[in-house]
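This report is meant for a reader who is meeting this structure for the first time. Please look over the sequence and the model before reading on.

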Amino acid sequence: MKRCLVISDSFKGTLSSPDICRIARSISLPGWHIDALPVADGGEGTTDCFLDACGGQKRSAAVTDPFGDPLTACYGLLPDGTAVIECAAAAGLPQAEGRLDPERTTTYGVGQLLAHALDHGAQRLILGLGGSCTNDGGCGAAAALGAVFYDRQGRSFVPTGITLSQLSAIDLRGLHPALHTTPLTVMCDIRNPLYGPDGAACVFAPQKGADNACVSRLDAGLRHLARVIAASLHTDVSALPGGGAAGGFGAGCAAFLGGTLRSGIETVLDAIQLDRRLPDYQLVVTGEGRLDAQSLDGKVVSGVARRCRAHGVPAAALVGALSLDRAALEALGLSAARSINPDGASYAEAAAHAAPNYRAALTALLEEY
C-alpha cells in the first residue's frame, strides 16, 4: 500500500490546517494510506499545530493582555521540553479588537508567558511572532523577563510605541537567569527591518490601527530604540532581516533575549522531524491559500517541497488560487499543482464549498498517482 503525507498551510478564511488534516484523514481510497500533519507560520494556531504533530500538553498562565488587563493565556509544552508560545496569545489582534492602538499596546504578557515556561522547566523556547497588535520593539516582553528601561530622567518604565522616544538606557543584568542557557528560536517569515519604508511601522502598523501621523511617530520611536540598543548593548539591529516582525519584536528578541530569528516553516519541519518521516512516503501533498510569487521564499509550500526534493519524494500542491507557471512550479520542486476550486468560482463560492472541494481534489490527485 502506498502512503501519502498531507502537510498543508491553512487557506485563509476558508480552511485551517487542522481542518485540512481532518479531511485528509477521513478519506478512504483503495491502495492508499493517508497521514496528515498540521503546520502554522507563527501566528494564531501555531501552538495547536505543534501539539497535534508532536504531542504534549497545553499550559495556562495568568498574564496581562495588550492593555495591561488580566488575561489567562496558554502555551504548549512538547514531550521534549520545548515550550511553544504565540505572541498572539497575549498581544494579538483579537485582544485589541475594537480598540486598536499600536502606540499603547504592550508585549508584556508575552514575556510573562516566556517566564512561566522557564519557571516550569522548559528546555527550549519557540516563539511565533505572527498576529501581533503591538509596536513596542519587544520592550514589554523584555521588561517582564527582568530587563530595565530608563528614561532621560533615570526613571525606570516599560516603553510602548508612543514612549519609545523617551528611552535613554537599557539594563539587562536582571534578565531571567534561565534565558542564558535556554535556546530561543523565533519563528519569523518576513524579512522587513526594524524601521524605514519597509519597516515595522510603515508596513504593518496601519493594519493595527495607525494613521499616517501615528506611523511616523512609531517609526521615529523604533529608530530611537535602535540607537539606544546600539549605545547600551553594543548591538546593531537596525538592518536585521525580520527585525520589524511583530512591531519590532523580532529585533527585540535578538537584542534583549538572545533569540535567533528563523523561518517559521523550517522551525516547524524540524520540530516534526519531517526529514526522518519522508522516506516512508510515496507522495507528499502540501498547499496554501494562494500559490504565487510570494510562495517562492520562506512559505510552507516552498519549505516542504525543498525537503521532499532532497529526499527524492514527489511533492504536489493543492491550493485555493494558482498564479505560477510551469517553470516556477518546477523550480519549487513540485510535480503537480492545482486549485481545488472550479474555474471562475468567486471567493464566496470557494469559501462555501472549501471542504468538499478539497476532499474531491485530494481524492482525484491520489487516483492519478
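## Two aromatic pairs

Phe149 is buried, and Phe256 is buried as well. Both residues belong to a model that is predicted, and the structure holds two aromatic pairs. A pair of aromatic rings is described by the distance of the centres and the angle of the planes. For Phe149 and Phe256, the ring centres lie 5.4 Å apart and the planes stand at 80°, so this pair is edge-to-face. The pair links distant parts of the chain, since Phe149 is in strand S7 (residues 148–151) and Phe256 is in helix H8 (residues 245–257), 107 residues apart.

Which arrangement do the rings of Phe11 and Tyr358 adopt? Their centres are 6.1 Å apart and their planes meet at 75°, so this pair is edge-to-face. Phe11 lies in the loop between strand S1 (2–6) and helix H1 (17–26), whereas Tyr358 lies in helix H14 (residues 354–368), so the pair ties together parts that are 347 residues apart in sequence. Phe11 and Tyr358 are both buried.

## The sheet around strand S7

Strand S7, which carries Phe149, takes part in an open sheet of three strands, whose order is S8-S7-S9 and whose pairing is antiparallel. The edge strands are strand S8 (156–157) and strand S9 (167–171), each of which pairs on one side only.

Strands S7 and S9 run antiparallel and are joined by four bridges. On the S9 side, Asp171 is the bridge partner of Val148.

Thr47 lies in helix H2, which spans residues 46–54. Is Thr47 buried or exposed? Its relative accessibility is 5%, and because buried means under 20%, Thr47 counts as buried.

When residues up to four places away in sequence are not counted, Thr47 touches Tyr75, Gly76, Val84 and Glu86.

## The second largest pocket

The second largest pocket has a volume of about 320 Å³. It is lined by 19 residues, of which Gly289, Gly320, Ala321, Asn341 and Ala350 lie nearest its centre.

Which element gives the largest share of the lining of this second largest pocket? That share comes from helix H13 (residues 347–352), which contributes three residues. Sorted by class, the lining of the second largest pocket is made up of nine nonpolar, seven polar and three charged residues.

Conventions:
Residues numbered from 1 in each chain as written. Predicted model: local features only at pLDDT ≥ 70, side-chain atom pairs only at ≥ 80, totals over all residues. Heavy atoms only, no water. Helix = DSSP H or I, 4+ residues; strand = E, 2+ residues; numbered from the N terminus. Buried < 20%, exposed > 50% of the residue type's maximum accessible area, 1.4 Å probe, protein only. Contact = heavy atoms within 4.5 Å. Phe/Tyr/Trp six-rings, centres within 6.5 Å; stacked < 30°, edge-to-face > 60°. 1 Å grid on protein atoms, 1.4 Å probe; cavity = no way out; pocket = protein on both sides within 12 Å on 5 of 7 lines; lining within 4 Å. Points joined across faces, edges and corners; volume = space filled by probe spheres on them. Nonpolar A, V, L, I, M, F, W, Y, C, P; charged D, E, K, R; others polar. Pairing = 2+ DSSP bridges.
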